[in-house]
Amino acid sequence: MVARLVIAAPSSGAGKTTVATGLMAAFAGRGLAVSPHKVGPDYIDPGYHALATGRPGRNLDAYMCGTELIAPLFAHGARGCDLAVVEGVMGLYDGAADQGELASTAQVAKLLKAPVVLVVDASSQSRSVAALVHGFASWDPEVRIGGVILNKVATDRHEHLLREALGESGVPVLGVLRRAPSVATPSRHLGLVPVAERQAAAVEAVAAQAEQVRAGCDLEGLLALARSAPELHVEAWDPALEPVAGRTMVAVAGGAAFTFSYAEHAELLRAAGAEVVTFDPLRDEALPEGTSGLVIGGGFPEMYGAELSANEPLRKAVADLAASGAPVAAECAGLLYLARSLDGQPMCGVLDADARMSQRLTLGYRDAVAVSDSPLAAAGTRMRGHEFHRTVIEPGAGPAPAWGLRQPERRVEGFVRGGVHASYVHTHWAAVPETARRFVEHCTG
């Protein structure tokens with residue numbers, strides 16, 4: 001039994017991340033062990049959640065992992081905790097395009113049997129807030145909205161009007177937050193600026209969010225609501241795999257340029273018998289000694305192109321490792337780093353392709369089938385993933401593509417070359433745990 005809350009909103013931009021992160025930090029500051037979670041594929045918010053709680057931020061994505069894994073993954077992350085806070089995605093009932101409720105915050109709340117707290121941007125309304133909350137609370141009887149937090153409230157008079165209106169809705173007000181510039185987190189072309197790039201500023205922002213929540217929210221009421229969640233009868237997900245024979249070291253790119261990763265990936269690699277070592281392509285001039293496999297996830301190499309290019313010793317080390325046939329798994333930012341160039345600046349040159357920034361946002365879930373055998377998947381393996389970038393690479397696929405995508409349009413993309421699997425598509429290995437074992441097996445030869 002883990003007390004739990006889902007923090008949702010009518011739409012994006014209402015303040016979910018600020019409220020969820022502030023609640024996590026406020027409860028952690030009271031000595032509770034808080035488990036942080038995020039609905040959907042987002043990598044950035046979980047970084048702030050981890051900063052607030054001291055525990056890995058974990059994603060709950062029903063499209064990428066399947067509905068059957070949501071509760072087990074939650075139980076795995078929340079094991080031993082006093083409270084779990086789950087930040088939603090987009091609007092409460094928004095999910096994967098043309099897939100009904102799939103991957104929506106509402107669906108995850110139902111799978112977790114968790115009460116929902118609705119964060120409402122009240123900046124441009126008064127009595128209408130009651131109609132809005134009533135509509136969301138009555139839309140799906142299986143979704144239990146246990147309270148409202150009013151955000152961006154202007155004055156005491158404004159607060160009085162909002163509370164008076166909501167008094168007739170039957171949904172209690174559990175918090176009122178005023179506009180506070182100190183809690184704001186800067187954004188750019190793909191959303192919030194990650195924690196790894198802000199460091200001290202991120203710490204200050206999370207502390208300010210916690211203080212705002214402590215001052216404006218009924219923490220006892222929220223905790224009581226979280227504890228009202230019924231017992232969740234589910235077996236926790238376990239990354240345990242039969243270890244691969246032999247010593248294997250897998251180097252994983254980190255640092256400010258490569259911040260996108262799911263905690264379960266490293267857990268699965270370790271469970272398969274690998275030693276996982278993180279390195280920073282912005283600072284380290286060599287791969288960790290003994291590296292036999294390389295994972296380069298997503299991030300923002302476009303923001304650090306000059307620094308990545310200037311680190312010629314590491315670029316050569318990566319190219320030499322790939323040329324040796326060692327397994328290299330690269331997603332999105334990793335794909336760009338392996339390219340010949342990024343915005344005209346030399347990269348690792350592993351792939352005969354060039355990348356550049358674009359004005360067009362590519363965003364959405366992908367239904368993918370492996371086209372070519374690789375260290376990640378045998379040809380024909382089906383996986384679900386997600387694309388999220390404002391860059392293009394030319395050509396978009398090599399002679400041996402990585403994936404065939406079924407939607408939104410049929411196309412092939414990515415590159416398989418020797419031991420290299422490079423693609424724009426982010427995947428969640430918990431959905432297909434054999435991925436990690438196959439990768440480690442290729443590392444041992």
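1. **β1 against β5.** Ala8 has Leu118 of β5 as its bridge partner. The two strands, β1 (residues 3-8) and β5 (residues 116-121), run parallel and are joined by three bridges. Strands here are DSSP runs of E with at least two residues, helices are H or I runs of at least four residues, and both are numbered from the N terminus. Two strands count as paired if DSSP finds at least two bridges between them.

2. **Basis of the model.** This is a predicted model, in which local features need pLDDT of at least 70, side-chain atom pairs count only at pLDDT 80 or more, and totals for chains, interfaces and linings use all residues. Residues are numbered from 1 along each chain as its sequence is written, and side-chain values use heavy atoms, with hydrogens and water left out.

3. **The seven-stranded sheet.** This sheet is open and its pairing is parallel. The strand order is β3-β2-β4-β1-β5-β6-β7. β3 (58-60) and β7 (173-178) have a single partner strand each, so one side of each is left without a neighbour in the sheet. Neighbouring strands are turned by 25° against each other on average, direction ignored. Axes are lines fitted to C-alpha atoms, for helices over the stretch in contact, and angles run from 0 to 180 degrees between N-to-C directions.

4. **Helix α6.** What does α6 lie across? Helix α6 (residues 128-139) lies across β5 and β6 (145-153). Its direction is at about 145° to β5. Contact means heavy atoms within 4.5 Å.

5. **The six-stranded sheet.** A further open sheet has the order β11-β10-β12-β13-β21-β20. Its pairing is mixed. β11 and β20 are the edge strands, each pairing on one side only. The twist averages 15° from one strand to the next.

6. Buried means under 20% relative accessible area, exposed over 50%, and partly exposed in between, with a 1.4 Å probe and protein chains only. Thr248, Val250 and Val252 cover one side, and Met249, Ala251 and Ala253 the other. β10 pairs with β11 in the parallel sense over six bridges. Met249 stands opposite Glu275, and Val252 stands opposite Thr278.

7. **The β20-β21 hairpin.** Two residues separate β20 and β21 in this hairpin. Gly418 in the turn has a positive phi of about 65°. Three bridges join β20 (residues 415-417) to β21 in the antiparallel sense. Phe415 stands opposite Ala422. In β21 (residues 420-423), Val420 and Ala422 point one way and His421 and Ser423 the other. All four named residues are buried.

8. **β13 and Ala330.** β13 runs parallel to β21, with four bridges between them. Glu331 has Ser423 as its bridge partner. Ala330 lies in β13 and is buried, with a relative accessible area of 1%. Which residues does Ala330 touch, not counting those up to four places away in sequence? They are Ile296, Leu335, Leu338, His421, Ala422 and Ser423. Ala317 is 13 residues from Ala330 in sequence and 15 Å away in space, C-alpha to C-alpha.

9. **Helix α11.** This helix lies across β10, β11 and β12, at about 140° to β11. Its buried residues include Glu264, His265 and Glu267, along with Leu268, Leu269 and Ala271. Gly273 follows α11 and has a positive phi, near 110°.

10. **The second largest pocket.** Its space is about 800 Å³. A pocket, on a 1 Å grid over the protein atoms alone, is an open set of points where a 1.4 Å probe fits, with protein on both sides within 12 Å along at least five of seven lines; lining residues have an atom within 4 Å of a point. Grid points are joined across faces, edges and corners, and the volume is the space filled by probe spheres set on the points.

11. **Its lining.** The pocket is lined by 38 residues, and Thr259, Phe260, Ser261, Tyr262 and Ala263 lie nearest its centre. α11 gives the most, with six residues. Elements that each supply at least two residues include α2 (44-53), α8 (195-198) and β13 (328-331). The lining divides into 23 nonpolar, 11 polar and four charged residues. Nonpolar covers Ala, Val, Leu, Ile, Met, Phe, Trp, Tyr, Cys and Pro; charged covers Asp, Glu, Lys and Arg; the others, Gly among them, are polar.
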